[in-house]
Amino acid sequence: MKRVFNQHYLILTFSTLLAFLIGFSTEAQAQKKKKTKTKDGVTSTMDKGSIEAAITEAYNKYKDLKEGKNADYIPELAKVPSEQFAIVVVTADGQVYSKGDIDALYSIQSISKVITLAKNIEDSGAKAIQDKIGVDPTGQKFNSAVLVEERKGMEINPLVNAGAIASTSMIKGNNYEEKWKTIMQIHNDFAGRQLAVNDPVYKSEAATNQHNQALASLMNSFERMYFDPAQSVDIYTKQCAINVNTKDLAMMAATLANGGTNPVTKKKVVSPQTVAHTLPVMATCGLYDDSGIWFYNVGLPAKSGVGGGIMAVVPGQYGIAAFSPRLDEAGNSVRAQKAITDIVNKLNLNPYLVQPKP
Ligand code: DON
């Protein structure tokens, strides 16, 4: 009897050990898989819980922060509720993580400059942008006219106003309508849904954008506009007034992170080569005269808008976006910058932070 019991005991112990070993190796394989490149070249290194925790932590840390103020040089932007705050991460394979006022719609503003730039690189080639607009950081305010005067309209970049208006003027199309249709479509494709223009914001900026009109005229005087200056400013103003929510921005960033193919609709919006030229311009010029400070601290290409949105790209991995209308002196959202910075640090996403090989 005792011997039978011992045999049973041995068998039980052995099978428990076997089950444990099988379980352990499956778990080890799963962990390994998370860090392995998929066949699309997309690397997924993070589990769901870590991303959710990083977003929640950043949200809670900054939800009561009131630093900065809404842009008011476009009267309609001063009316946007300042308390709104949202954070969204979209993975390069299309999973969405979000927190806060994720349904809030707001004007995309300068973030549209990236989308228009990408379309121009795709259709006219990287060299054309370099030659006809420039890709150098300016270190000046985003709407500087002194800059245009000093450089005779040359060697600026498509993410400051003068270069962005020239970039809009470069979009292919024989007239206003054709150019606008192309711009709206490329924004829709990046977001993966049909977007719309915020009419009050468009009208409000169109009625007060004399400075941008002056920039376009100045650029034109140096032969650096590629379509009628007044109409180009109007298309540019409309493009800046496209309404997005924070998921749209994160999806646009995730499309860039995924080599130009929208990770949800699977539409090839632009080529990987176009993305490879777009991201460096974001990295060096995306947060205006604070671009250097941003890149120094975060190490990722990003773009801000005076509507309060910021999107950042982790190539091959994530699109990260945050929205909060209160801006700092440079015109960048205070809470959005802080939230994205914390998430990048928490999830270890700075590509320049590498541990030495053993
Ligand atoms: O042209 C303008 O001034 C605005 N439509 C866009 C400026 C902007 O978003 C700058 N952002 N930080």
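This is a predicted model: local features need pLDDT of at least 70, side-chain atom pairs count only at pLDDT 80 or more; totals for chains, interfaces and linings use all residues.
Let's look around the ligand. It is surrounded by 14 residues, and the closest are Tyr-73, Gln-109, Ser-110, Glu-205 and Tyr-236. By type, the shell holds 6 nonpolar, 7 polar and 1 charged residue. Tyr-73 places a polar side-chain atom 2.5 Å from an oxygen atom of the ligand. Glu-205 has a side-chain N or O atom 2.7 Å from a nitrogen atom of the ligand.

Now to the salt bridges, of which the whole structure has 13. Side chains of opposite charge can pair when their charged atoms come close. Among the pairs are these:

| Salt bridge | N to O distance |
|---|---|
| Lys-48 and Glu-52 | 3.3 Å |
| Arg-326 and Glu-83 | 2.9 Å |
| Lys-267 and Asp-189 | 3.3 Å |

Lys-48 and Glu-52 sit 4 residues apart in helix H2 (residues 48–62), about one turn of the helix. Lys-48 counts as exposed because its relative accessibility is 51%, over the 50% cut-off. Glu-52, at 36%, counts as partly exposed.

The side chains of Arg-326 and Glu-83 also meet in a salt bridge. This pair links distant parts of the chain, 243 residues apart. Arg-326 is buried at 11% relative accessibility, whereas Glu-83 is partly exposed at 43%.

Lys-267 lies in the loop between helix H12 (246–257) and helix H13 (272–285), and Asp-189 lies in helix H8 (residues 176–191). Lys-267 is partly exposed at 39% relative accessibility, while Asp-189 is buried at 14%. Elsewhere, salt bridges that share partners join Lys-66, Glu-83 and Arg-326 into one network.

Technical notes. Residues are numbered from 1 along each chain as its sequence is written. Side-chain values use heavy atoms; hydrogens and water are left out. A residue is near a molecule or strand if one of its heavy atoms lies within 4 Å of it. A polar contact is a pair of N or O atoms within 3.5 Å; within protein, one must be able to donate a hydrogen and the other to accept it, and residues adjacent in sequence count only if both atoms are side-chain atoms. Ala, Val, Leu, Ile, Met, Phe, Trp, Tyr, Cys and Pro count as nonpolar, Asp, Glu, Lys and Arg as charged, and the others, Gly among them, as polar. A salt bridge is a side-chain nitrogen of Lys or Arg within 4 Å of a carboxyl oxygen of Asp or Glu. Helices (H or I, at least four residues) and strands (E, at least two) are DSSP runs, numbered from the N terminus. Buried means under 20% relative accessible area, exposed over 50%, partly exposed in between (1.4 Å probe, protein chains only).
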